[in-house]
Amino acid sequence: MQSDQVTRYLLGQLPESEIQRLNLLRETDENFRQRVTIVEDDLIDCFTKGQLQGEDLMRFRRYFLASAANRERVKVAQGFLDDLRATQLDAPPTWWERAVPVTFKTSLEDFWQRAGQDFWATVREPLLIGLRGVGLLLFVWCLYLAFDLVRLRNRVAELQANEEITQPAVPRTVPATAPAPTNNQLAQQIDQSREKLGQLKAAINTEPTAEPATSPLAVNAAELQAASFNLRPAARGAEGVPELAVTPATEDVAFQLELGRDERASYRAELRAQPDGLRLWQSGTLKARAKDYGNKVLEVRVPAALLKSRAYTLKVYGTNNNGSSEEALNYSFRINKP
C-alpha cells in the first residue's frame, strides 16, 4: 500500500467503507501498523514545522488530532522541537516561557485556529447567499426606479400636451361689451375739449376785478396752481417760526429748501407734526439743484391735504457716496388755513 493512500486514510479523505477496512487491517496486520506509524510521524513532523497548509492542515486538525493519543504525540514533538530551538539559539527562556508550558501555548493556538476555521466554514455559505440576495434586491430596486422615472416623464409630457390643447386662446380684439366709438363721436369729443380749453385760457388771462370770481373755470385755475415757499434751516436760538398761508384750493405745496454747500449725493424728506413729532409723510429719493455761489436748493412737494393749521418740521436726510444715510437739516414752519 502506498504512503499517499495511508496519508489520505489518516486525514479522513477516503470513503467510509475504505476507512473501516483499513481500521480493521491496522488491528490485524503488523506491517501495515508500522507503515501507518511512520506516516503519522511524518505528518506530525510536518505539522510542528508548519509545512502543512490548506485542506491538509484543516483535516489534520479535525481528524488526526481528534484522538487523545495523537494529540499527546504532537505535544511531545512540539516540546522536543522547542527544546531543540532553545538549545540551538543558546538563549535562556523568559519567565513567561518557564511559567507556561509550550504544549499549553501550542494547544491554545491550535484551538483558536480550529475555532476560526470551523466558524468560517459554518458561516461562509450563508454569508455568500445573503450577499447574493442583497445584490439581487439592489438590482431590482434600480430597475424599478428607472421604470418609475420614465413613467413620470411621460406623464408630465402628456399633461403639458393636454394643457396646451385645452387652454383657450386669449382674444386680442375689443370686447363686444365695449363698442368702439364712431368717427362722429370722436369729432364731437375733440370739439368739446377744444371749447373747454379755450374757456380755461380766457378765464386765466382775464384781469381780476373787484368782484369775487364765481365762475367754475376760475376755481379750477386756482386749484391747478401750487403754493411755493422758501425755507431756511432752523437755527439754534432763532426766534419765530415762519407762518405760511395755504388756501383750501391748493393741491400741492412746494418747499424750496436751502441746503447751502452740502455735498451729499441724494436726499430724502419727512414731514413731522409738532410738538409730538408724528411722521405724516415721506418722500422718495430727491436730487438737489445748484442755485448760486455753490449753494444748493432741494425742492420738496407735499400734498396740501396733509397740512392743517399747526406747526410742522421737514427733516431732510442725506445719502453719502458710500451709501450711508444720516440726518442733514431741519426746517420748521407753521401752516395757516382760512
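Colleague: Which residues does Ser266 touch, not counting residues up to four places away in sequence?

Modeller: This is a predicted model, in which local features need pLDDT of at least 70 and side-chain atom pairs count only at pLDDT 80 or more, while totals for chains, interfaces and linings use all residues. Residues are numbered from 1 along each chain as its sequence is written, and side-chain values use heavy atoms, with hydrogens and water left out. Contact here means heavy atoms within 4.5 Å. On that basis, the residues touched by Ser266 are Thr285, Leu286, Lys287, Tyr317, Gly318 and Thr319.

Colleague: Is Ser266 buried or exposed?

Modeller: Ser266 lies in strand β4; strands (E, at least two residues) and helices (H or I, at least four) are DSSP runs numbered from the N terminus. Buried means under 20% relative accessible area, exposed over 50%, and partly exposed in between (1.4 Å probe, protein chains only). Because its relative accessible area is 9%, Ser266 is buried.

Colleague: Which residues touch the most other members of the largest nonpolar core?

Modeller: A nonpolar core is a set of buried Ala, Val, Leu, Ile, Met, Phe, Trp, Tyr and Cys residues joined through side-chain atoms within 4.5 Å. Of the 26 residues in the largest one, those touching the most other members are Phe255, Leu257, Leu271, Leu298, Val300, Leu307 and Phe333.

Colleague: In β7, which residue is the bridge partner of Arg289?

Modeller: Strands of a sheet pair through backbone hydrogen bonds, either parallel or antiparallel. β6 and β7 run antiparallel. The bridge partner of Arg289 in β7 is Val297.

Colleague: Is Trp112 buried or exposed?

Modeller: Trp112 belongs to helix α7 (residues 102-166). Its relative accessible area is 57%, so Trp112 is exposed.

Notes:
Pairing = 2+ DSSP bridges.
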